[in-house]
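Hello,

Here is the structure I promised to pass on to you. My notes on what turned up in it follow below, so please have a look at both together.

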Amino acid sequence: MKKVSLLFGCLAAAMALHASEPANWAELAPRGTLRVVNRLDPVENHITGGKISATDDEVLIDFMDAGVEKAAGTSFEGAFALGKEKAPFYLKGAVTKKSASELSYSVQLTADTPQEVKESFFSIRLNRAIVGREIGFSLPGYRHNVTVPSAQAQANGWVWSSPAGQVADKIFIPLMHGTLELSGFSAPVMVCKYSPNVGNIRIYLDKGKTDKIAGELTVAFRPWSETRLDLSKAANVAFADEAADDGKGGWTDQGPENDMRLLPLGPAVYGNVGFNVLDPARNNGKSALAFANPARAYFLKEAAISLDGARFDYLYL
């Protein structure tokens, strides 16, 4: 039995990574950008769900923040002026479906003669809903997490780079309904801000004098799976409280003017997390866990919930 300590609670769910079949989550957008969308509200198709809101996640993946002339179906190509030096290359790229949860995004650039290239990179742009979250980077022997600063903390500029001599081989970006995992590379990486509400990750490719540049990313969406914990045996009060300060509850024992009798019962989704809201009529009049405080020492001091040996990444209350 694993002890779960709560300050105050009536709902709980635990979330863990699980590679199940996702909804439609990515598309090849005009000019060769791979667009990944996770909307706040669960929908059948995240891509065709209309205009992106301020609370929806959007990730844009392309080569050096620039597009090409032709993009249709699963391929894109066109003349490409690379970097500030405008080195003349021709870019061809493709998106290949590996499975329902994995795509390959690849680019190949060629030039008629070797060109001096100061830098080349995959660009991963993160919208305002993702700014402020912690991004994971797999480095040799360890994982390093980097928080993309909020608009208030940092407007733009450099945030973090992989240490000299070290390369990353995976990136983990948390989204509303799972983790976006980038792999299939081994390269230096950098995090920066393009503007207060736009974060950016760069995966560096070739530089120096060359007439060929190539790169490929495996882009995978790993949806969260969800276990709704059963709190019925630990519940000690009802949602409704008919008399304030009688030492019985329900809710916070503050009377009918400050209870939760209007809370809908049964399965529910709050903040994109699923819960089972206990029905007191089916649980001996108990539907919530109320914990002691200096004014109400008669409530629970602690509660223990059996997880049957299961392990989870997050606990939502």
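A word on terms before the first finding: a cavity here is a set of grid points where a 1.4 Å probe fits but cannot get out, and a lining residue has an atom within 4 Å of such a point. Please also keep in mind that this is a predicted model.

**The cavity**

With that in hand, the structure holds one cavity of 30 Å³ or more. The space in this largest cavity comes to about 40 Å³. Its lining is made up of Arg31, Gly32, Asp62, Phe63, Ala66, Gly67, Val68, Phe76, Phe80, Leu91, Tyr105 and Val107. Sorted by class, that is eight nonpolar, two polar and two charged residues. Three strands each give at least two residues to the lining: β5 (57-63), β7 (75-82) and β9 (102-117).

**The strands around it**

Strand β8 (residues 87-99) runs antiparallel to β7, and eight bridges join the two. Leu82 has Ala87 in β8 as its bridge partner. The two strands form a hairpin with four residues between them, and Gly83 in the turn has a positive phi of about 70°. On to the next pair: β8 and β9 are also antiparallel, with nine bridges, and a hairpin of two residues joins them. Here Gly93 stands opposite Val107 in β9, and Val107 is one of the residues that line the cavity.

**The seven-stranded sheet**

β5 leads on to an open sheet of seven strands, in the order β3-β4-β5-β10-β17-β16-β13 and with antiparallel pairing. The edges are held by β3 (26-29) and β13 (157-161); each has a single partner strand, so one side of each is left without a neighbour in the sheet. On average, neighbouring strands of this sheet are turned by 20° against each other, direction ignored. Within the sheet, β10 (residues 121-126) and β17 (residues 198-204) pair over six bridges in the antiparallel sense. Ile124 finds its bridge partner in Ile201 of β17.

**Salt bridges**

The count of salt bridges comes to 14. Three of them may be worth a look on your screen.

- Asp57 and Arg133 meet through their side chains at 2.9 Å, N to O. Asp57 lies in strand β5 and Arg133 in the loop between β10 and β11 (134-139), so the pair ties together parts that are 76 residues apart in sequence. Both residues are buried.
- Glu242 and Arg261 form a salt bridge at 3.4 Å, N to O. Both sit in the loop between β18 (208-228) and β19 (266-270), 19 residues apart. Glu242 counts as exposed at 59% relative accessibility, whereas Arg261 is partly exposed with a relative accessible area of 38%.
- Arg296 and Asp245 meet in a salt bridge at 2.6 Å, N to O. Arg296 is in the loop between β20 (273-277) and β21 (304-305) and Asp245 in the loop between β18 and β19, so this pair ties together parts that are 51 residues apart in sequence. Arg296 is buried, with a relative accessible area of 13%, while Asp245 is exposed, at 56%.

There is also a network: Glu27, Arg35 and Glu58 are joined by salt bridges that share partners.

Happy to go through any of this with you.

Best wishes

Terms used
Residues are numbered from 1 along each chain as its sequence is written. This is a predicted model: local features need pLDDT of at least 70, side-chain atom pairs count only at pLDDT 80 or more; totals for chains, interfaces and linings use all residues. Side-chain values use heavy atoms; hydrogens and water are left out. On a 1 Å grid over the protein atoms alone, a cavity is a set of points where a 1.4 Å probe fits but cannot get out, and a pocket is an open set with protein on both sides within 12 Å along at least five of seven lines; lining residues have an atom within 4 Å of a point. Grid points are joined across faces, edges and corners, and a volume is the space filled by probe spheres set on the points. Ala, Val, Leu, Ile, Met, Phe, Trp, Tyr, Cys and Pro count as nonpolar, Asp, Glu, Lys and Arg as charged, and the others, Gly among them, as polar. Two strands pair if DSSP finds at least two bridges between them. Axes are lines fitted to C-alpha atoms, for helices over the stretch in contact, and angles run from 0 to 180 degrees between N-to-C directions. A salt bridge is a side-chain nitrogen of Lys or Arg within 4 Å of a carboxyl oxygen of Asp or Glu. Buried means under 20% relative accessible area, exposed over 50%, partly exposed in between (1.4 Å probe, protein chains only).
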